[in-house]
Amino acid sequence: MVCIFDGGHRLKLARLNCSLTYRDIERLSRILSERYSDDRFTIRISVLADIENCRVVPTIFRLYTLCLIYGLDIPTVIEWYGFRPKARDRKVVEQYIRWVG
């Protein structure tokens, strides 16, 4: 399967580089979910498989969890999914706000 954006594949490589199994990720994510009192940080094995096989894009909560576990930089990982923010985008918003304000 070819991914449009290779975020899932890179996350899989990061997991393997950390020598972690799917079960390890599920356990660690549950610990984080309990610490934050928020189940949105939990990553079930089936969801992790879907993320790594490019069937789903992780939510920001799951992405944060994976970055924390793998020691990855969130902005870098977001770029893996094709989002490349540009400084000029903020200028467009500021100009619009001045125009309507």
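Just after helix 3, C54 adopts a positive phi of about 60 degrees; helices here are DSSP runs of H or I with at least four residues, strands are runs of E with at least two, and both are numbered from the N terminus. The structure is a predicted model, in which local features need pLDDT of at least 70 and side-chain atom pairs count only at pLDDT 80 or more, while totals for chains, interfaces and linings use all residues. Residues are numbered from 1 along each chain as its sequence is written, and side-chain values use heavy atoms, with hydrogens and water left out.

S19, which is not a glycine, has a positive phi of about 55 degrees and sits in the loop between helix 1 and helix 2. S37 lies in the loop between helix 2 and helix 3, and its phi, near 50 degrees, is likewise positive in a residue other than glycine. S19 counts as exposed at 62% relative accessibility, and S37 is exposed with a relative accessible area of 68% (exposed means over 50% relative accessible area, buried under 20%, partly exposed in between, with a 1.4 Å probe and protein chains only).

Helix 3 itself covers residues 45–52 and includes E52. Its buried residues are V47, L48, A49, I51 and E52, and they pack against helix 1 (7–17), helix 2 (22–36) and helix 4 (60–70). E52 counts as buried because its relative accessible area is 4%. Leaving aside residues up to four places away in sequence, E52 touches G8, H9, L11, K12, R15, Y22 and Y70, a contact meaning heavy atoms within 4.5 Å. With one of these residues, R15, the E52 side chain makes a polar contact, side chain to side chain, at 2.7 Å (a pair of N or O atoms within 3.5 Å; within protein, one must be able to donate a hydrogen and the other to accept it, and residues adjacent in sequence count only if both atoms are side-chain atoms).

Stepping back to the whole chain, the secondary structure consists of six helices and zero strands. Buried residues account for 30% of the 101 residues. Among contacts with a separation of 6 or more, 53% join residues 24 or more positions apart. The C-alpha trace spans about 50 × 35 × 20 Å along its principal axes. The radius of gyration is 16 Å, whereas a compact globule of 101 residues would have one near 13 Å; the radius is taken over C-alpha atoms, and the globule rule is 2.2 Å times the number of residues to the power 0.38.
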